[in-house]
Amino acid sequence: RNLPPLVFHWFPIIGSTITYGIDPFKFLFDCQAKYGDVFTFILLGRKVTVYLGAKGNQFILNAKLKDVNAEEIYSVLTTPVFGKDVIYDVPNAKFMEQKKFIKFGLTAAALRSYVPLMQDEFHSFIKSNPQFKGASGIVQLPPIMAEITLFTTARTLQGKEVRQQLNTTYAKLYHDLDDAFQPINFMLPWLPLPRNRRRDIGQRKMTQLYTDIIQARRAGATEKDSEDMIWNLMQCSYKDETPLPDTEIAHMMIGLLMAGQHSTSAASAWIMLHLAAQPETLEELHQEQLRALGGSTTAELTYDHLQNLPLAKHVIQETLRLHPSIHSIMRKVKNPLPVPGTEWVIPPSHVLLAAPATMGKSDAFFPKAELWDPHRWEHIADPHESEKETMDYGYGLVSTGADSTYLPFGAGRHRCIGEQFAYLQLTIVVSMMVRYFKLGNVKRKGVVETDYSSLFARPMEPAYVRWEKREE
Ligand code: HEM
């Protein structure tokens with residue numbers, strides 16, 4: 001009684017796990033058509049209540065801390081990978097302090113210092129990569145974009161020592177951690193699988209690698225050459241004046257790596273796949289580069305140039321609308337939650353699921369929503385305009401504008417803190433790609449399907465494109 005409708009299913013524990021897992025958007029839209037915006041489905045034995053639409057986003061993303069909880073859902077998966085005492089392994093008040101520390105490390109000054117470093121990494125990646133020898137060829141795009149993302153993040157946010165070890169120790173540890181970052185580990189993180197054993201060993205070794213870097217820095221062995229996150233965190237102290245311990249810095253660095261890597265690399269792969277399918281937009285982007293750089297094909301982009309590339313920005317916005325890396329945002333219910341305007345009450349045994357990206361894929365909000373058309377954003381008010389309402393959760397003002405139809409970075413207390421970094425990185429990578437290459441599809445029309453089997457949605461592989469170098 002008083003419970004939202006339950007999605008029909010044949011088998012008790014499995015419930016809708018398979019249909020949701022294969023294509024969460026199709027599942028959510030089908031259920032919405034049948035049951036409305038609020039419904040419950042069974043996901044691996046758990047009762048998950050979905051609340052779609054602007055009201056649902058508001059209900060879930062801006063719920064009171066006493067009523068919903070993120071760490072009880074995410075921690076089983078994240079803590080074995082990131083390590084203890086950070087992010088979802090601590091009470092929310094402590095995490096909010098940690099988010100404040102991260103924010104100190106992502107100031108405009110820090111981002112500005114990253115611009116030349118990312119371009120350097122990009123040039124050397126393309127020049128040294130055997131797959132880009134010659135004047136033209138065919139590559140599997142997503143792994144290339146993943147590597148470019150990793151190299152540019154390593155050199156900037158993570159710092160030069162991480163970058164130096166990227167071709168050796170670090171890459172192996174990263175892959176061991178990443179392999180365990182899978183949906184199945186929401187349920188069974190402790191299974192004695194080789195993969196989970198490698199994760200546990202990798203986690204300890206990765207922590208050691210970072211604490212060695214920190215100690216060498218404290219001992220004065222490393223010259224400071226940019227405003228990276230490790231330098232920043234080394235200066236941070238909690239409100240009670242305890243400095244951030246080295247292991248916590250290490251674990252936060254792993255957390256940031258994992259949070260940024262897949263979301264950003266999937267976005268950049270989708271962008272390039274769309275540009276290969278619509279080369280006329282790639283040419284428009286190239287023209288925009290030439291305009292910004294006064295006709296030069298070799299000038300370096302500056303931080304100020306990046307603020308003035310509207311088409312590149314719209315390309316990113318449009319891609320995150322159609323291909324949000326995070327399709328489901330989950331919270332554990334802590335108190336019975338009445339759904340305003342209905343007789344329903346969501347009990348504490350349930351998990352809440354918000355999927356703001358369903359609005360981005362709906363014709364009602366974005367005409368011909370299935371079309372990738374960056375130009376549509378020329379007629380849409382800046383999405384941040386609808387994010388005017390703000391709150392301070394302890395790490396500065398955060399937008400709570402959950403009524404927006406476009407929330408690729410979430411809203412409220414748990415809103416993404418890496419948005420500016422991601423935009424900077426994506427704008428640089430897109431700019432560099434269009435300056436180096438013309439792209440085209442190999443056989444396919446349009447772009448590949450989405451692979452929802454890992455934690456972050458990504459292009460289904462193989463996803464080949466044809467490239468041709470522009471004349472220098
Ligand atoms: C949170 C998306 C890049 C760090 C989030 C959330 C979303 C999101 C939707 C909210 C999750 C929730 O409410 O449960 C994205 C997308 C990215 C991106 C689409 C790239 C295109 C990054 C980067 C970093 C980062 C580069 C790090 C530098 C974080 C952190 C949180 C977060 C620390 C906070 C989690 C919390 O408070 O619970 N992100 N993100 N993200 N993201 Fe991102």
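I count as a helix a DSSP run of H or I with at least four residues, numbered from the N terminus. With that settled, I looked at the ligand. Helix α13 gives the most to the shell around the ligand, with six residues.

**Entry: confidence**

I am working from a predicted model. I checked the confidence before reading any detail. The mean pLDDT of the protein chain is 93. I also noted that 98% of its residues reach 70 or more. For the complex, the predictor gives an ipTM of 0.99 and a pTM of 0.96.

**Entry: ligand shell**

I went back to the ligand and listed its neighbours. There are 20 residues around the ligand. Which of them come nearest? I found Gly260, Ser263, Gly410, Cys416 and Gly418. I then asked which helices supply at least two residues of the shell. Helix α13 spans 246-277 and does so, as does α18. By class, I have 13 nonpolar and seven polar residues in the shell. No charged residue is part of the shell.

**Entry: α6 against α18**

Helix α6 covers residues 108-128, and α18 covers residues 419-436. Their axes come within 10 Å and cross at roughly 40°. Is the crossing left-handed or right-handed? I read it as right-handed.

I wrote down the residues that meet.

Next I traced an open sheet of five strands. The order is β1-β2-β8-β5-β3, and the pairing is mixed.

I looked at one pair in detail. Strand β5 (residues 329-333) runs antiparallel to β8 (residues 351-354), over four bridges. Met330 has Leu353 in β8 as its bridge partner.

**Entry: helices across the sheet**

Two helices were on my list here. Helix α3 (residues 53-61) lies across β2 (46-51), β3, β5 and β8. I noted that α3 runs at about 130° to β8. Helix α4 (residues 71-82) lies across β3, β5 and β8. Against β5, α4 runs at about 120°.

Key
Residues numbered from 1 in each chain as written. Predicted model: local features only at pLDDT ≥ 70, side-chain atom pairs only at ≥ 80, totals over all residues. Axes fitted to C-alpha atoms, helices over the stretch in contact; angles between N-to-C directions. Left-handed = near helix turned anticlockwise from the far one by under 90°. pLDDT = per-residue confidence, 0-100. Pairing = 2+ DSSP bridges. Contact = placed C-beta atoms within 7 Å. Near = placed C-beta within 6 Å. Nonpolar A, V, L, I, M, F, W, Y, C, P; charged D, E, K, R; others polar.
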